[in-house]
Every structure is written in C-alpha cells, then in structure tokens.
Amino acid sequence: MRILLLASLVLAAPAAARDAPSPARLKASVERLVSFGTRHTLSSATDPRRGIGAARNWAAGEFEAIGRACGGCVAVERIARRFEGPRAPNGVMVENVLGVQKGRDPERVVIVGAHIDSRVTDVMDAVSDAPGANDDASGVALVLEAARILSKERFDATIVYAVFSAEEQGLWGATLLADTARARGWQVSAMLNNDIVGNTIGQGGKREGRWVRVFSEGIRASEDLVAQVKRRGDGGEDDGPSRALAKAIDRVAVTIPGGLDVFIDRRPDRFGRGGDHEPFLRAGFPAVRFSVANENWDAQHQNLRTENGTVYGDTVDRMDFAYLAKVTSINVAALARLANAPAAPAEVSLVGDLSRDTQVSWSATSGAAAYRIRWRRTDAADWTASRDVTGTSATLPEVPVDDHFVGVSALAADGSESLVTFGGRAAARR
C-alpha cells in the first residue's frame with residue numbers, strides 16, 4: 001500500500017469562479033409561480049394562465065431556456081403517471097418536469113428537487129388562491145437557479161433538476177421519480193430536497209438567518225431487519241448514507257464565505273411530518289431535506305385572510321431572498337462536489353478484534369484516483385482524522401476498532417470527494 005501524496009489532487013488548478021445565486025432572479029421566479037393563482041395538484045392542467053398545468057409549462061420553458069443558453073446541455077423531460085388516493089379520490093395525472101444535464105457517466109445521478117404544487121387550509125380546495133411562495137416556490141426557484149449556474153460546467157455524473165407535483169397529495173411526484181430512477185438503473189449518489197427554504201422570520205416573529213436545517217435519516221428505511229441488526233452491532237446508526245450526505249453538506253457549507261451554518265437535524269424530517277426525499281430513502285438512495293431554521297405556520301397551508309390581527313397566507317412579502325440565495329449556494333456547491341466525485345465505495349470492511357490495529361478494505365470505485373480513509377473515536381459525531389491512499393486496503397496502526405468508527409470515500413483527480421461509506425464487519429461468506 002502506498003500513501004498517496006495528494007499534490008496532484010489538492011494543488012489541481014481550481015475551476016473558473018462560479019456565479020453566485022441571484023436574490024433578484026430567485027424573487028422573480030417565486031413571483032412568477034405565485035402569479036398562477038393556485039398550483040394545487042387538482043387544479044387545471046390545461047388553462048394557459050392559472051393552475052398547476054400553466055406553472056409546469058412555465059418551469060419547462062425555464063429549463064428549455066437554460067438548455068439553449070448552454071448549447072443543449074440541459075434537456076427537458078416530462079414524466080407522468082396516474083395516482084389515486086384519499087386526497088385524489090377520482091385519480092389525477094401527476095407530472096414532473098425535469099431538467100437533465102448529462103454527465104460523462106449517464107448512469108450515475110445526483111438529484112436536486114422541489115415541489116411545485118401548493119395548497120390552502122382544505123387540502124381538497126383546488127380553486128382558492130394558494131400562492132405557495134415559500135412552500136414551495138422557494139424550492140423550485142432554487143432548483144432553477146442551480147440549473148442556470150451549474151449548466152455552465154461539465155460533470156462526471158448526470159444532474160437531474162426535478163420539479164415535483166403532488167407533494168401535498170401524498171409525495172406522489174417524488175414517488176414517480178424514485179420509481180423511474182430504479183426502473184432506469186440509475187446509480188443515485190445523492191438527492192437534495194428543498195422544501196420551505198426562503199424565510200428567516202418564523203412563528204411569533206422570531207428571526208433566524210444564521211443556519212439552514214438539513215434533515216437526514218439514521219437507520220435506513222430501505223434496510224430489512226437483518227441489515228438493521230448488523231448496523232446496530234457495527235455502531236453505524238449515525239452513519240448511514242443519508243446521514244453521511246448531511247455531514248458532507250455541512251463540510252461543504254463551511255467553505256462558503258459569508259454563508260450559512262448547516263444544522264444537521266438527526267431525524268428524517270420535522271417531527272411527525274415528511275417530504276419528497278422520503279420515497280428516495282425507501283428506494284435505498286441517499287437523500288436529505290433542506291428547510292429553514294424557523295418555520296412560520298401562519299404562512300403554511302392557510303387561506304389568505306386576517307383574523308384578530310393575525311395575517312395568514314404564504315405570500316412573497318414574508319420571504320428573505322438573500323437567505324434563499326445562501327441556501328442555493330450550499331446546494332450548488334454540494335451538487336458540484338458530488339457530481340465531480342466518483343461514486344462512494346459500495347462496501348467497507350473492518351478487521352481488528354483483539355488488536356490495537358484496524359485493517360480496512362473496500363470495494364473499488366470506477367474513476368477513483370485515490371481513497372480517503374476517515375476515522376474518529378466512538379464518542380465523536382463526525383470524522384476527526386483521515387489518510388489518503390491508493391489501492392483498496394490499508395492498516396491503521398494504534399487505531400483500535402473497539403473505540404473507533406472508520407469509513408472510506410473515493411476521490412476524483414481534482415480532489416472531489418464522494419460520500420463516506422461506513423465500515424463494519426465483513427459479510428459472512430456462504
């Protein structure tokens with residue numbers, strides 16, 4: 001095993017400076033989405049000015065314009081399927097609008113998404129004005145801005161910019177894309193869901209603009225009982241792929257001057273609630289949800305009205321577009337890193353019982369220039385030490401496995417790092 005001197009990685013020439021997200025452009029996108037009156041999933045799909053169909057057509061047009069500006073690097077795809085459930089008892093055709101930026105490896109994918117549908121107090125009310133400025137025109141504006149910025153670069157992985165429908169009716173648009181990803185054999189390295197990401201004044205007037213919450217699961221929704229028991233035995237409850245993604249985003253965020261802190265919220269979503277990242281978690285893909293530090297529930301799922309001096313409704317004037325631009329910056333930087341990096345190692349195995357040393361081995365990753373072994377004491381929340389190597393095995397002297405967690409990531413030639421795959425006991429041979 002040779003320890004790699006990372007001069008070629010660390011000292012590689014940096015890419016050209018990336019454009020900063022524009023608060024003015026983000027605001028213009030939110031205002032345009034609000035102008036459709038309602039974007040309820042059961043609203044008109046054919047009216048050219050009002051309803052979810054007009055909003056989806058506008059989003060598709062934005063992706064088309066981005067694609068033209070980059071010489072066709074972003075292609076528009078619209079996928080649809082009929083769903084039926086308690087919030088659509090007569091069924092509804094659910095359509096997602098995708099901007100697809102093909103990478104050098106078309107099968108490896110990173111996804112950034114948000115839902116375009118909106119609602120008021122009655123989830124079945126498809127007629128009343130439902131501006132949905134923060135929930136979730138803010139996320140759609142972020143997705144479009146990320147596409148505008150990243151379309152000027154080329155990446156190893158394909159980036160899918162997803163605009164979902166029917167989040168409020170049952171996460172149906174996200175379910176459709178997660179099912180599509182599995183059917184097409186996509187290797188999804190990460191899914192970033194942005195839902196309610198554009199305000200800094202929360203309930204009761206409390207202002208918080210210093211951080212953004214990133215929710216991630218610990219024990220995986222996709223793991224069966226045997227896998228969950230193994231993870232418990234390995235001590236990997238805080239290091240599943242979704243949690244590794246949240247930690248990677250946190251490390252990216254600290255490199256952005258004047259940016260936001262990432263509050264790693266160690267649950268899949270807000271207490272008792274959910275979002276469009278969850279179908280991807282059930283499909284076995286690493287996925288997280290971005291959401292503001294303080295929510296304003298007077299501005300969520302409310303009919304537009306004033307009662308006893310309290311103003312209700314999800315309107316543009318309640319938003320902070322400088323903050324939304326900072327959340328967009330984190331998404332853009334995380335997407336660029338993960339789209340440039342190789343896939344994470346599929347498996348990392350440890351041997352070290354009855355020893356002061358830990359032997360680490362891992363599966364090779366296509367396109368990896370090197371690997372980064374990370375470790376920490378078991379009382380630490382995130383990695384504290386690392387070593388970069390070539391090959392697919394190494395020994396960590398005086399790092400006893402009883403008291404340390406170990407993981408491995410893959411590095412691209414420019415130093416871009418994949419998610420960290422947590423190390424555990426090797427699978428039993430049959």
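**Sheets, helices and single residues**

Q: In what order do the four strands of the open sheet stand?
A: Here the pairing is mixed. Two strands pair if DSSP finds at least two bridges between them. Strands (E, at least two residues) and helices (H or I, at least four) are DSSP runs, numbered from the N terminus. The order is β15-β12-β11-β18.

Q: What kind of model is this?
A: Residues are numbered from 1 along each chain as its sequence is written, and side-chain values use heavy atoms, with hydrogens and water left out. Local features need pLDDT of at least 70, side-chain atom pairs count only at pLDDT 80 or more, and totals for chains, interfaces and linings use all residues, since the model is predicted.

Q: Which are the edge strands of the four-stranded sheet?
A: Look for strands that pair on one side only. They are β15 (393-396) and β18 (424-425).

Q: Which residue of β18 stands opposite Leu350?
A: Strand β11 covers residues 348-351. Two bridges join β11 to β18, and the two strands run parallel. Opposite Leu350 stands Arg425.

Q: What is the bridge partner of Ile79 in β2?
A: Strand β1 (residues 74-85) and strand β2 (residues 88-101) run antiparallel, joined by 11 bridges. A hairpin of two residues links β1 to β2. The partner of Ile79 is Asn96.

Q: Which residue in β4 stands opposite Val110?
A: Strand β3 (residues 105-115) pairs with strand β4 (residues 157-164). The sense is parallel, over eight bridges. Opposite Val110 is Ile159.

Q: Are α8 and α10 roughly parallel or roughly perpendicular?
A: Helix α8 (residues 241-253) packs against helix α10 (residues 321-340) at about 115°, with axes 9 Å apart. The contact (heavy atoms within 4.5 Å) includes Leu245 and Ala248 of α8, and Ile330 and Ala333 of α10. Angles under 35 degrees count as roughly parallel, over 145 as roughly antiparallel, 65 to 115 as roughly perpendicular and the rest as oblique. The two helices are therefore roughly perpendicular.

Q: Which residues does the disulfide join?
A: A disulfide is a pair of cysteine sulfur atoms within 2.5 Å. A search of the whole structure finds one. Its S to S distance is 2.0 Å, and it joins Cys70 to Cys73.

Q: Is this disulfide left-handed or right-handed?
A: The torsion about the S-S bond of Cys70 and Cys73 decides. That torsion is about -100°, so the disulfide is left-handed.

Q: Is Leu171 buried or exposed?
A: Leu171 is in the loop between α5 (167-170) and α6 (172-183). Beyond neighbours within four places in sequence, its contacts include Gly275 and Pro279. Buried means under 20% relative accessible area, exposed over 50%, partly exposed in between (1.4 Å probe, protein chains only). At 13%, Leu171 is buried.

Q: How many Å separate Leu171 and His277 in space?
A: In sequence they are 106 residues apart. From C-alpha to C-alpha, the distance is 8.8 Å.

Q: What is the phi of Asn308?
A: Most residues other than glycine have a negative phi. Asn308 has a positive one, in the loop between β9 and β10 (310-312). Asn308 is exposed, at 84% relative accessibility. Its phi is near 50°.

Q: What is the phi of His301?
A: His301 sits in the loop between β8 (287-292) and β9 (305-307). At 27% relative accessible area, His301 is partly exposed. Its phi is positive, although it is not a glycine: about 55°.

Q: What is the omega of the peptide bond from Asp135 to Asp136?
A: Most peptide bonds are trans. This bond is cis. Asp136 lies in helix α4 (residues 133-150). The omega is near 10°.

Technical notes:
Axes are lines fitted to C-alpha atoms, for helices over the stretch in contact, and angles run from 0 to 180 degrees between N-to-C directions.
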